[in-house]
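Subject: A structure for you to look at

Hi,

Here is the structure I promised to pass on to you.

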Amino acid sequence: MTELMTAAQMRATEEAAIAAGRTTGLALMERAGRAVVAAVFQRWPALSEGAHAALVLCGPGNNGGDGFVIARRLRDLGWAVTVQIFGDAARLPPDARRMHDLWAASGPVAPLGPCEGGVDLVVDALFGTGLTRPLPQAVAEAVARPSRGGDQVQRVAVDAPSGLNLDTGAIPGGQGVFLADLTVTFHTAKPGHYLGAGPAVCGQLVCADIGLGGSGGNLAGSPPAAGSLRLAEPVTADTGPGLRVFPGAAIAKLAATGHKYDFGHAVVLAGGVGRGGAGRLAARAALRAGAGLVTMLCPPAALQENAARMDAVMLRACRDAEAFEALVDDRVTALCLGPGLGVGERTRSLVAAVCARRAGARAGRDPAVVLDADALTSFAPAPDALFALLHPRCILTPHEGEFGRLFPDLALSARAGMSKVEAVRHAAARAGCVVLLKGADTVIARPDGAASLHAAVYDRAVPWLATAGAGDVLAGLIAGLAAPASAPELICVAEAAAWLHVEAARAFGPGLIAEDLPDMLPEVFRRVAG
Ligand SMILES: NC(=O)C1=CN([C@@H]2O[C@H](COP(=O)(O)OP(=O)(O)OC[C@H]3O[C@@H](n4cnc5c(N)ncnc54)[C@H](OP(=O)(O)O)[C@@H]3O)[C@@H](O)[C@H]2O)[C@@H](O)CC1
Ligand SMILES: [K+]
C-alpha cells in the first residue's frame, strides 16, 4: 500500500474499524505483536531455531501492549524473556493492561534498568505513534544502553524506534532514540519512516498487515485526492505482466505510438557562454524522457558552444524575453528554465514571459513550466512577485537552499516541529502551483494539499546522486515527461520523474556523474516496460 498515514489518521482508522465491529483493539494488538515476531524470524532466520534470550522494553501506552504480546509469544516458543516497563502498569490503557496481565500471570515485569545476562534480541515497545515530546531521561538512557551479547544483539523497534516522531521524521529534543536494525510498522508506513532521520534510525522497514483492511486507493500515478499523502513507489497492475501502472503510465512513449508532435515540444532556456552545461543536461534529459522535440534557447554568444555539444536537441538564439515571444509557438507544450540561466533581471523577465504563455480556453491545457535553480533564486528578494506569475501547470523544483530563499518561514531551519510534507504543502498553496522539494526524501505537493513522498532511502539509497548537475537533469526529466499530450497531471509526472531519476542513478551505480543520468534512462525504461 502506498498511502502514508499520520499518527492521528492511524488512530482514526483503528477506531473506525473497532466502532464498526470489524475488529477489536485486543485483536489488533495480538496481530501486531505476532507480526513483529514473524518479521524478526524472517530477518534473522537463526533466531527462529532453538531458544534464545530477549529483553522487551514496554512503554506506558499501546506500543507497550504490543511489547507484552511479543514477550508472551517468544516465551511460548521457549525463549528466556526479560520484560521491563517504563511507567505504572496500573495506568496502562485497557488493551495494553490486558496484555500486561496475560504476561504477568507467569512472568515478572521489572522497571527500566540494566539487564542481567546476555540477550540475542532487544525489543523496543516503549513509544510508537503516541510519542508527543522528547524522551524522558530514564528512557533515553534505556534505549542507549548496550545490551550484553555484543555484536550479536539484534534490535527491533515496534512501529517506531522510540524517540522518533512518526509524523515528521524528527527526533524531538535532538537526542535519545532507539537505533533499530529492523522496524515493524502496521497497516501503512508513516511519514516519519521516510522523512529526515527516520530511515537512519529505523534500519530496515517492514509494514505488516494487521487486518484493518486496505484502502486500495491513492496509488502513485493516479490523480491524488486533496490533502492525501502517498509514497511514490511502483504500482503494478493486478492482471498479468506488462506495463507498470506507475511509473509506466506516466511515460507516454511506453504506452502509445504517434507523431513526434504527439509527444510534445519541450523548450529549455539556457545560460550564456561557459554556463550552458546545466541547460544541456536538462535538454538531454527532456529528450530521453520522451518529448518529441526539444529546443534549447540560449543567448546568441553561446550558440557556437552549444552547437558543438548537441545534435538531436535543436538550438535557437534568444537574447531576451522579447525574442522569446517571437521564437516560441503554440506547439510548445513544456518549458524548463533556471539551470545555468543566471540570477537577475533577465531571468526574471524570462520567467514572466514563460509563465504568461497560456493555452487559452479553447486550446486545451497550458504548457507545463518547470522552474528550477536560478529561476527561483532570481526571486529571492521578492518571492511574491514570482507567485503572482505562476499558474497550476507550473512546478517549482528547489533544493532546501532555494526553498528557504522563496519560503523563509518554511525553511529547514525555521520548520520547528513542522514536517517537510507540511512545509511543502504550505509552499504549494502559497505559490499556487506544484512544488517539489528535493532530497533523499523528496516531497511533492499540489496547492490543495495532495502530496507525494519519493524516498531514496533504505535499499534505494543512492548517495552518489548528490552530484553537480543532477538537479538540472531532474528538471529536464519533468519537462520531457510533461510535454506529451497524453501526459498525466503534473504531480504524477513529478512523481515519475523523481522515481526515474533515482532508478537511473541506481542502474549506473557509484561513480555516477550527471551526464550519465539521461543515458541510463533507456535501460530503466526497458525494465519498466518488461
Ligand atoms: N493504531 C492502531 O491501529 C494500532 C496501534 N497499535 C500500537 O499502539 C501504538 C500507539 O499507542 P498509543 O496511542 O497508546 O501511543 P504510545 O506510542 O504507546 O504512547 C502513548 C503513551 O506515551 C505517553 N507519552 C508520549 N510521549 C511521551 C514522552 N515523551 N514521555 C513520557 N510519556 C510520553 C503518552 O502520555 P501522554 O502524552 O498522554 O501524557 C501515552 O501514555 C502504536 O504505535 C502501535 O504500536 C497496535 O497495538 C495495533 C493497532
Ligand atoms: K517503539
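**Around the ligand**

Sorted by class, the residues in the shell around ligand 1 are 14 nonpolar, 10 polar and five charged. Before going on, please keep in mind that this is a predicted model. The shell has 29 residues, and E14, G61, N62, G128 and G130 are the closest of them to ligand 1. Which helix gives the most to this shell? Helix 3 does, with five residues. You can find helix 3 at residues 62–76, and helix 1 (7–19) and helix 2 (25–43) also supply at least two residues each.

**The whole chain**

Along its principal axes, the C-alpha trace spans about 85 × 50 × 45 Å. Buried residues account for 53% of the 530. If you take the contacts between residues at least 6 apart in sequence, 73% of them join residues at least 24 apart.

**Two domains**

The chain is divided into domain 1, residues 7–219, and domain 2, residues 260–529. Their C-alpha centres are 42 Å apart. Where the domains touch, domain 1 contributes 10 residues and domain 2 contributes nine residues. On the domain 1 side of this contact there are five nonpolar, four polar and one charged residues.

In soluble globular proteins, nonpolar side chains tend to be buried together. In this model, the largest nonpolar core has 184 residues, and the members that touch the most others are V268, A286, I478 and A479. Helix 17, at residues 490–508, gives the most to this core, with 13 residues. Why does the core lie between the two domains? Domain 1 and domain 2 both give residues to this core, so it lies between them.

A479 touches A266, V268, A286, A291, A334, L335, C336, A368 and V370, if you leave out residues up to four places away in sequence. I478 sits in helix 16, which covers residues 470–482. Its contacts, again leaving aside neighbours within four places in sequence, are V370, I395, T397, V493, A494 and A497. V370 is therefore on the contact lists of both A479 and I478, where a contact means C-beta atoms within 7 Å. I478 is 196 residues from A282 in sequence, yet their C-alpha atoms are 9.3 Å apart in space.

**Buried or partly exposed?**

To finish, compare I478 with Y261. I478 has 33 C-beta neighbours inside 10 Å, so it counts as buried, since the cut-off for that is 20 or more. Y261 has 13 other C-beta atoms within 10 Å, so it is partly exposed. Y261 touches G292 and R331, not counting residues up to four places away in sequence. The C-alpha atoms of Y261 and V332 are separated by 9.3 Å, although the two residues are 71 apart along the chain.

Happy exploring, and write back with any questions!

Best wishes

How values were computed. Residues are numbered from 1 along each chain as its sequence is written. Chains are lettered from A and ligands numbered from 1 in the order in which they are written. This is a predicted model: local features need pLDDT of at least 70, side-chain atom pairs count only at pLDDT 80 or more; totals for chains, interfaces and linings use all residues. A residue is buried if 20 or more other C-beta atoms lie within 10 Å of its own, exposed if 12 or fewer, and partly exposed in between; C-beta atoms are placed from the backbone. Two residues are in contact if their C-beta atoms, placed from the backbone, lie within 7 Å. A residue is near a molecule or strand if its C-beta atom, placed from the backbone, lies within 6 Å of it. Helices (H or I, at least four residues) and strands (E, at least two) are DSSP runs, numbered from the N terminus. Ala, Val, Leu, Ile, Met, Phe, Trp, Tyr, Cys and Pro count as nonpolar, Asp, Glu, Lys and Arg as charged, and the others, Gly among them, as polar. A nonpolar core is a set of buried Ala, Val, Leu, Ile, Met, Phe, Trp, Tyr and Cys residues joined through C-beta atoms within 7 Å. Domain bounds come from an automatic or database domain assignment.
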